[in-house]
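User: I've got a structure to go through with you. Can we take it piece by piece?

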Amino acid sequence: MQSSRTFSGLTNLLFNRRCNLEEVPNSKRKRLRPGKISPRRLVPNHIQRPPYVKTRMAPGIASGHEVHDLKGIECMRASGRLAAQVLNYAGTLVKPGITTDEIDQAVHQMIIDNGAYPSPLGYGGFPKSVCTSVNECICHGIPDSCPLEDGDIINIDVTVYLNGYHGDTSATFFCGDVDEEASNLVKVTKECLDKAISICAPGVEFKKIGKTIHDHADKFRYGVVRQFVGHGVGRVFHADPVVLHFRNNGGGCMVLNQTFTIEPMLTIGSINPVMWDDNWTVITADGSLSAQFEHTILITEHGAEILTHCED
């Protein structure tokens with residue numbers, strides 16, 4: 001989720017707007033190229049839709065924290081569980097030759113088969129049911145006709161809307177044989193998420209999340225992307241608080257029964273984002289690799305419960 005409270009009118013201020021399709025310096029890997037986007041997939045009429053699908057409201061962060069009663073907690077567990085299962089399934093599809101559009105098709109079908117709505121579909125005009133961010137794509141990659149290649153890494157970001165509650169999660173997967181540089185980046189990014197979750201509890205300051213992530217990334221000289229943040233999630237897709245992944249002096253503390261995401265994005269090189277002309281796909285300015293992991297968590301008396309943990 002972009003850290004501004006709305007996308008509208010701010011794109012040119014936050015991003016360089018260009019689409020660099022040249023080869024990555026000192027690498028055999030070519031920069032991403034946009035492929036063909038298939039028609040929007042249909043959702044059966046009986047499946048409950050989030051309000052933004054009908055109103056076409058602009059994306060943004062809603063005021064007010066997501067704090068739940070017992071019924072709300074159970075609904076959040078259900079949506080988180082489904083999101084985790086869908087993400088786990090999507091990861092099994094990653095292999096050389098598959099297109100990100102084919103992954104989107106499989107994700108879409110699994111979500112609607114379980115009576116849920118794919119939250120990204122129609123959110124601020126996003127045309128697909130999942131985000132697929134390959135190699136230097138930091139986030140919000142649109143599934144298309146381009147096939148994955150051996151050695152790629154891909155973040156798959158799944159959010160489901162089930163019984164009026166969103167569950168949001170993502171992970172970065174290996175496609176075929178991935179080199180040590182990419183493997184280490186993915187490993188450390190996952191460690192950043194795990195360490196950040198481990199310090200969460202009632203009364204803990206949100207700024208400690210950013211410090212924990214930034215401190216660990218610094219040990220490996222990885223960059224931490226600043227333009228995108230974690231967020232409250234529950235009855236709305238994106239709500240307060242804004243969760244920064246870098247060192248900051250922000251205020252606010254975690255409260256019991258609150259739900260939000262933590263979703264650090266690390267890069268090997270530049271942390272500066274470049275947005276494609278589709279107004280969604282965000283890549284690193286120098287073409288260096290980026291990785292991301294995300295969980296939705298619930299603040300409990302004993303710390304944090306990961307709602308999007310997949311139990312095999």
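User: What does the side chain of aspartate 168 make a polar contact with?
Analyst: The side chain of histidine 231, at 3.3 Å. Bear in mind that this is a predicted model.

User: Where does aspartate 168 lie?
Analyst: Aspartate 168 lies in strand 7, residues 165–174.

User: Buried or exposed?
Analyst: Buried: aspartate 168 has 3% relative accessibility, and the cut-off for buried is under 20%.

User: Which residues is it in contact with, leaving aside neighbours within four places in sequence?
Analyst: Among them are Asp157, His231, Phe237, Glu294 and Thr308.

User: What does UniProt list for "binding site"?
Analyst: An unreviewed UniProt entry lists Asp157, Asp168 and Glu294 under that name. They are spread over 138 residues of sequence, yet they cluster in space, with a largest C-alpha distance of 8.1 Å. Of these residues, Glu294 is included in the lining of the second largest pocket.

User: And aspartate 157, where is its place?
Analyst: In strand 6. Aspartate 157 is buried, at 12% relative accessible area. Beyond four places in sequence, aspartate 157 touches residues including Cys131, Asp168 and Glu294.

User: Which histidines does the "binding site" annotation cover?
Analyst: His140 and His238, according to the unreviewed UniProt entry. Histidine 140 is in the loop between strand 5 (137–139) and strand 6 (153–162). Histidine 238 is in the loop between strand 9 (230–232) and strand 10 (239–243).

User: Why does histidine 238 count as buried?
Analyst: Because its relative accessibility is 8%, and buried means under 20%. Histidine 140 is buried too, at 13%.

User: Switching to salt bridges. What does the count come to?
Analyst: The count is 11. One of the salt bridges joins the side chains of arginine 41 and aspartate 104, at 2.7 Å, N to O. That pair links distant parts of the chain, 63 residues apart. Arginine 41 is buried at 13%, and aspartate 104 is buried at 0%.

User: Which residues are linked in a network of salt bridges?
Analyst: Arg41, Asp101, Asp104 and Lys128. Lysine 128 and aspartate 101 meet at 3.4 Å, N to O. Both are buried.

User: How about arginine 77 and glutamate 74, where do they lie?
Analyst: Both are in helix 3, residues 70–92, three residues apart, or about one turn of the helix. Arginine 77 is partly exposed at 26%, and glutamate 74 is partly exposed at 44%.

How values were computed: Residues are numbered from 1 along each chain as its sequence is written. This is a predicted model: local features need pLDDT of at least 70, side-chain atom pairs count only at pLDDT 80 or more; totals for chains, interfaces and linings use all residues. Side-chain values use heavy atoms; hydrogens and water are left out. UniProt positions are given in the numbering used here, feature names are shortened, and annotations may be inferred rather than shown by experiment. Helices (H or I, at least four residues) and strands (E, at least two) are DSSP runs, numbered from the N terminus. Buried means under 20% relative accessible area, exposed over 50%, partly exposed in between (1.4 Å probe, protein chains only). On a 1 Å grid over the protein atoms alone, a cavity is a set of points where a 1.4 Å probe fits but cannot get out, and a pocket is an open set with protein on both sides within 12 Å along at least five of seven lines; lining residues have an atom within 4 Å of a point. Contact means heavy atoms within 4.5 Å. A polar contact is a pair of N or O atoms within 3.5 Å; within protein, one must be able to donate a hydrogen and the other to accept it, and residues adjacent in sequence count only if both atoms are side-chain atoms. A salt bridge is a side-chain nitrogen of Lys or Arg within 4 Å of a carboxyl oxygen of Asp or Glu.
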